[in-house]
Each structure stands twice: as C-alpha cells, then as structure tokens.
Amino acid sequence: MTRIVTTLVTGASAAIREATIRTMLDAQLSTALILEGLPDGTSTLADLAQANPLLSIIRIAPGCICCTGNLTMRVTLNRILRTHPQRLFISLVSAEHLPSIRQFLLQEPYDKWLSLT
C-alpha cells in the first residue's frame with residue numbers, strides 16, 4: 001500500500017489557505033481536501049472541483065480538530081481513506097494546536113496510511 005502524501009496548511013484566512021493549496025494541486029493526481037471552516041467569499045477551489053473528477057473537497061465546521069472536532073475529523077478522514085487519494089491536503093483555521101494535530105495523524109491507524117509533508 002502506498003502512503004498518501006498529506007500536507008497540513010495553515011494561514012490567516014481561508015482565501016490564503018485555498019490559494020496556497022491551489023498552487024500545489026496536480027490535476028493528474030486524485031486529491032482530497034479537508035477544509036476547516038467556511039470560505040471568506042467565493043472559493044478559488046470550487047471551480048476546480050467541478051472541472052476535475054479527481055478532486056474531492058470536504059468542508060468541516062471550524063473548531064479544533066484535535067479537541068472538540070476530533071470525532072468529525074476521524075469520520076471525515078476515514079471516509080477519505082476508503083477512496084485512497086494520491087494526495088491529501090488538510091487546511092486548518094489555526095496553527096495553535098498543530099503539534100497535536102500532527103501527533104493525531106501519526107498515530108494508528110493513520111500512521112500506516114499517511115505520509116506527512
């Protein structure tokens with residue numbers, strides 16, 4: 001089994017995070033995005049998802065995914081892992097708990113599935 005290359009993205013706003021992700025996307029790879037929070041306005045990624053069947057975008061409510069949103073993150077991540085994308089981007093509203101989130105993703109069962117960049 002090939003591990004899924006996973007990138008955590010943080011930034012001051014949803015627009016900045018989404019613009020950053022957009023620059024890293026490869027239209028030839030199946031890619032899943034977990035975007036925490038709602039876009040600041042029009043999402044720069046929405047048009048890409050409609051045009052590219054290899055791109056899947058899932059939005060989750062804002063809230064710390066290692067604390068209050070842990071169950072939501074687990075369910076979302078488990079659903080994505082069933083499709084086994086080649087790339088995964090996780091956009092986080094805040095970098096405050098980034099070490100905890102990285103630790104969460106490095107534990108079983110995710111340690112066997114994900115390769116954090």
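Arginine 59 and glutamate 18 meet through their side chains in a salt bridge (a side-chain nitrogen of Lys or Arg within 4 Å of a carboxyl oxygen of Asp or Glu). The N to O distance is 2.8 Å. Arginine 59 belongs to strand 3 (residues 55-60) and glutamate 18 to helix 1 (residues 14-24), so the contact ties together parts that are 41 residues apart in sequence. Helices (H or I, at least four residues) and strands (E, at least two) are DSSP runs, numbered from the N terminus. Glutamate 18 is buried, at 4% relative accessibility. Arginine 59 is partly exposed, at 32%. Buried means under 20% relative accessible area, exposed over 50%, and partly exposed in between (1.4 Å probe, protein chains only).

The model is predicted: local features need pLDDT of at least 70, side-chain atom pairs count only at pLDDT 80 or more, and totals for chains, interfaces and linings use all residues. Residues are numbered from 1 along each chain as its sequence is written, and side-chain values use heavy atoms, with hydrogens and water left out.

The structure holds four salt bridges. One of them joins the side chains of aspartate 47 and arginine 22, at 3.3 Å, N to O. Aspartate 47 sits in helix 2 (residues 46-51) and arginine 22 in helix 1, so this pair ties together parts that are 25 residues apart in sequence. Aspartate 47 is partly exposed, with a relative accessible area of 40%. Arginine 22 is partly exposed too, with 34%.

Lysine 112 and glutamate 108 also form a salt bridge, at 3.6 Å, N to O. Lysine 112 is partly exposed at 42% relative accessibility. Glutamate 108 is exposed at 61%. A network of salt bridges links Glu108, Asp111 and Lys112.
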